[in-house]
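Please open the structure in your viewer and keep the sequence at hand.

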Amino acid sequence: MDLAREAAEETARPLPVGEHLGLRAEGDRVVTHYFDCLDPAYRGWRWAVTVARAARAKQVTVDEVVLLPGEDALLAPEWVPWLERLRPGDLGPGDLLPTPADDVRLAPGFTEVDDSIDRATHWELGLGRPRVLSRQGRDEAATRWYEGIAGPRAPIAISAPAQCSTCGFFVPLAGELRQVFGVCANEYAPDDGRVVSADHGCGAHSEAVVIPPASEHGPPVIDELGYDIVPTGDAEAERDAEAAEPAEERASAVELPRDLEAEEALGHS
């Protein structure tokens, strides 16, 4: 144990080595001693010093000195290849994302032929492109688009008046994806310039009808209590017409019967 401590202190210098934590037999005449690590950066770690003695030898030698994590040691997360760590949106301006040569999403343009389908309709020749989408690549893209926010189960599509397949702004894709997907070309739609499914939809449908209001406002109500009604020009014209009548006609119009005149003369009314 003393030999193991000396080896651990020599490796950990200038920091000291903590107390002896125990030992473990690795095999015949091979033992590993554990010492506490006092380095603040490696809290929970321990020094492991393996000592051994050869057969029929009396001298013990140091085999190796390493720093190993304990049960409560702080460890880095498990390493994940960079290609598996990438997420949509991680690629920024100036970044390069190499595609592996064996990417299953791509296939050589001159060999992407499936004998079970119509070649003239679905085969991508790939002129000018070394590789094109493979069948697996198309299936993965179609599934991702259809189940995302551009598919039929998006909240905006559920409340839409109609589907994108009947919209004049729906531009179908080329190739095999044309059967299900297209691009929205309505600048006022939230999916403008994006791939949407044919059964997607939004409120900016080209054939959406503007619904008239349910009720119309009645005529305005005028409060006549706060002012007096003044005769208009028609009433003045009537007075002028009465003034222009001959005096005889006005007198005859107001002439009383004789019996009424006699009664008024006697004081009767």
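Select helix H1, residues 2-12, in this predicted model. Within H1, Ala4, Ala7, Ala8 and Ala12 are buried. Because these residues cover an arc of only 125° around the axis, they lie on the same side of H1. Now turn to the face directed away from that buried side: the exposed residues Asp2, Glu6 and Glu10 are located there.

Next, display the strands against which the buried residues of H1 pack: E1 (17-27), E2 (30-37), E3 (45-52) and E4 (61-69).

Which residues form the largest nonpolar core? Select Ala4, Ala7, Ala8, Ala12, Val17, Phe35, Cys37, Trp45, Trp47, Val49, Val51 and Ala73, the 12 residues of this core. H1, E2 and E3 are the elements that each contribute two or more residues to it.

Centre the view on valine 17. Beyond its neighbours within four places in sequence, valine 17 is in contact with Arg5, Ala8, Glu9, Ala12, Phe35, Asp36, Leu38 and Trp47.

A second, separate core has five residues, among them Cys164, Phe170, Val196 and Ala198.

Finally, select aspartate 191, in the loop that runs between strand E8 (181-184) and strand E9 (195-197). Apart from neighbours within four places in sequence, the contacts of aspartate 191 are Cys184, Val196 and His200. Which side chain of opposite charge is nearest to aspartate 191? It is that of arginine 194, 4.1 Å away. Aspartate 191 is buried, yet has no salt bridge, because a salt bridge requires the charged atoms to be within 4 Å.

Note on methods
Residues are numbered from 1 along each chain as its sequence is written. This is a predicted model: local features need pLDDT of at least 70, side-chain atom pairs count only at pLDDT 80 or more; totals for chains, interfaces and linings use all residues. Side-chain values use heavy atoms; hydrogens and water are left out. Helices (H or I, at least four residues) and strands (E, at least two) are DSSP runs, numbered from the N terminus. Buried means under 20% relative accessible area, exposed over 50%, partly exposed in between (1.4 Å probe, protein chains only). Lys and Arg count as positive and Asp and Glu as negative; His and the chain ends are not counted. Contact means heavy atoms within 4.5 Å. The arc is that of the directions from the helix axis to the C-beta atoms. A nonpolar core is a set of buried Ala, Val, Leu, Ile, Met, Phe, Trp, Tyr and Cys residues joined through side-chain atoms within 4.5 Å.
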